[in-house]
Amino acid sequence: MKQSRVVNVLFLLPCVFSFIMIIIVPFFFGLYYSMTDWNGISNVVTFAGFKNFRNLFSSADFLYSFLITIAYTVINIVFVNVVSFGLSLIVTSKVKRRNFYRAGFFVPYLIGGIVLGYIWQFILNNILVSIGMNMSIPFLQTSFLSLPHTVIWTMAAVNTWQYAGYIMLIYVASIQSIPASLMEAANVDGANYSTRVFKILIPMMANAFTISLFLTLTTSFKQFDMNLTLTNGGPATRFLDMPVKASQLLAMDIFNTATANRMAEAQAKAVVLFVVLLVVSLIQVTVNKRKEVEM
Amino acid sequence: MKDTRQLNSKWQVSGRTTLAILEVFTIFLFILFMVPFGMVVLNSAKTSKEIIFNAIALPSDWKQLGVNISLIFNNATVDYLGAFFDSTLITLFSLIVIVIFSSMAAWVLVRNKTVWSTVVFLAFVAAMVIPFQVLMYPLVRWLRVSGSFFGIRLLGTIPGIVFAYLGFGSPLSIFIFHGFIKNIPYELEESATIDGCSRGRTFFAIIFPLLQPIIVTVLILNGIWIWNDYLLPLLLLGSNGVVQTIPIAVTSFAGAYLKQWDLILTSTLIAMLPVIVLYLFAQRYIIKGMVEGSIK
């Protein structure tokens, strides 16, 4: 038995050690730094209480980023889930080559936010604009990325292109696990297609919706890579009479704050992001789980 | 992944016309999804002038693709080939340590039902909700301080970033292995122990080979993430350090050749090609892995 205890400790050691070094220690330092005057240059870090958090509520760029992130998250959750649910219906239908389409819709997920951002920047700023010029379509002649009121929607559309194929896979797996007998019964009862989808399919997929909403919620909230290379926060706009960047989501605001050596402030923003994300996703999962039981 | 055929006849849309419309609509959607890739390929085979002149036209000479590719690989500012090599090493080593160490840890946590094993497991699970943004800056500072204390360079080196990927990757991986190992009957190990097999050997000779299907899942989930990851390499390796990764090289490249879309698009093409080629061959496993990883 003594030998087995040694093995236990040895087997756990690599993961536990890296976990402590990479996550636990930085996490508590992170909480502490958010309450200091840390600037990333000076080695002396002094405690400042909740000053950074208080300042956040009067900082236009943070408030704007916060609100726009929530707006982006809502738009994105709707876009991604509607599209991916539609795709999942298609690739489980009688359409020919459905497995080929299923594989194809997933491809954009593989390429990563950085590369994807450049590709779409080119498409939106060059290709669409040049189509607009050549065919004299006025609304295409200015890039959707250059207008403050279209940029967030465009980002959500690009994110949907990347993410829908992945969420689709979750819905497909869920559809395939529904007992065929249930659908057969509905068919015999003469329920039409939309009744079958809304009254039987969707309630049976409740668990998949919980997962998909959680995934889209958390990834939208932390969106960074695509934001950086697609818009880099632009274009400029005004909020509370202050100049702000129209598409600068929270994660990018944190990044830019830290790049300007306002490390403690960036850390305070990150802590707010953490708390909000934690609360919102807990609410989402609880509500969804309750719905799952009801259904 | 199960074949979709089983279910279809039971509930799906039927009727010749409806199905024909759906068929056409699907093809349209599929093309819509693929157009961006097509645009990258088309414009990677053009000169900068050609792109500005007409971004949608077919390239006048496909040889330009080779010219652009060689321009990128022979570029003086960004060592693309080096980044490619480093990215491969980092992804490979990270995957190896994550799979081996996470499965070891998960096995111990499953087979020892004590208070502390529950606490350790819950700590791993709880940590998954912490966003990277909270950890990233303290992590850099902490790795610099602790690295210099132990006399190891953790920043700017491959071992350093692999160690970080083990830390970030193991919680989810342990969670996935944990769920799988729970369902392996304990009797298998018992008989091995009776035969005089040591605990450590029991794991590697009996349990580890059984994990093969779930290892694929762990590899794919972590592989896609690590290969495409940007922020962690940027913070730990720096944007012009000795060790580089593909996403960093692409951004440095785009930063140095502002709006030179011929080169930027060719560099994105080179960045995504390996993943897509891999996907063509391992498509079945990748789809299955992604589904299992997210549903668990």
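Visitor: Why does B:Gly200 count as partly exposed?
Guide: B:Gly200 is found in helix H10 (residues 199–210) of chain B. The partly exposed class lies between the limit of 12 or fewer for exposed and that of 20 or more for buried. B:Gly200 is partly exposed because its count of C-beta neighbours inside 10 Å is 15.

Visitor: How many Å apart in space are B:Gly200 and B:Ser48?
Guide: In sequence, B:Gly200 and B:Ser48 are 152 residues apart. From C-alpha to C-alpha, the separation in space is 60 Å.

Visitor: Which helices of chain B each supply at least two residues of the side of domain 1 that touches domain 2?
Guide: Chain B is divided into domain 1 (14–72) and domain 2 (80–295), and 33 Å separate the centres of these domains, taken over C-alpha atoms. Contact between them joins 12 residues of domain 1 of chain B to 11 residues of domain 2 of chain B. The domain 1 side divides into six nonpolar, five polar and one charged. The helices of chain B that each supply at least two residues of this side are H2 (16–44), H3 (48–53) and H4 (63–73).

Visitor: Leaving aside neighbours within four places in sequence, which residues is A:Leu169 in contact with?
Guide: Apart from its neighbours within four places in sequence, the contacts of A:Leu169 are A:Phe106, B:Ile287, B:Met290 and B:Val291.

Visitor: Which helix gives the largest share of the side of chain A that touches chain B?
Guide: Between the chains, 82 residues of chain A are in contact with 75 residues of chain B. The chain A side divides into 58 nonpolar, 17 polar and seven charged. The largest share of that side, 20 residues, comes from helix H1 (residues 2–33) of chain A.

Visitor: How many helices and strands are there in chain A?
Guide: Along the sequence, the pattern of chain A is α-α-α-α-α-α-α-α-α-α-β-β-α-α. The totals for chain A are 12 helices and two strands.

Visitor: In which sense do strand S1 and strand S2 of chain A pair?
Guide: S1(A) and S2(A) form a hairpin with two residues between them, and A:Thr237 stands opposite A:Val244 in S2(A). Strand S1 (residues 236–239) and strand S2 (residues 242–245) of chain A are joined over four bridges, and the sense of the pairing is antiparallel.

Visitor: What is phi of A:Leu240, near which value?
Guide: Most residues other than glycine have a negative phi, and most peptide bonds are trans. A:Leu240 is found in the loop between S1 and S2 of chain A, and is exposed, with 11 other C-beta atoms within 10 Å. Its phi is positive, near 50 degrees.

Visitor: What kind of peptide bond joins A:Gly234 and A:Pro235?
Guide: A:Pro235 is found in the loop between helix H10 (225–230) and S1 of chain A. For the bond between A:Gly234 and A:Pro235, omega is about -5 degrees, and the bond is cis.

Visitor: Over which residues of chain B is the pLDDT below 50?
Guide: The mean pLDDT of chain B is 88, and 95% of its residues reach 70 or more. Where pLDDT is low, the predicted coordinates should not be read in detail. In chain B, the stretch with pLDDT below 50 is residues 1–10.

Note on methods: Residues numbered from 1 in each chain as written. Chains lettered and ligands numbered in written order. Predicted model: local features only at pLDDT ≥ 70, side-chain atom pairs only at ≥ 80, totals over all residues. Pairing = 2+ DSSP bridges. Contact = placed C-beta atoms within 7 Å. Nonpolar A, V, L, I, M, F, W, Y, C, P; charged D, E, K, R; others polar. pLDDT = per-residue confidence, 0-100. Domains from an automatic or database assignment.
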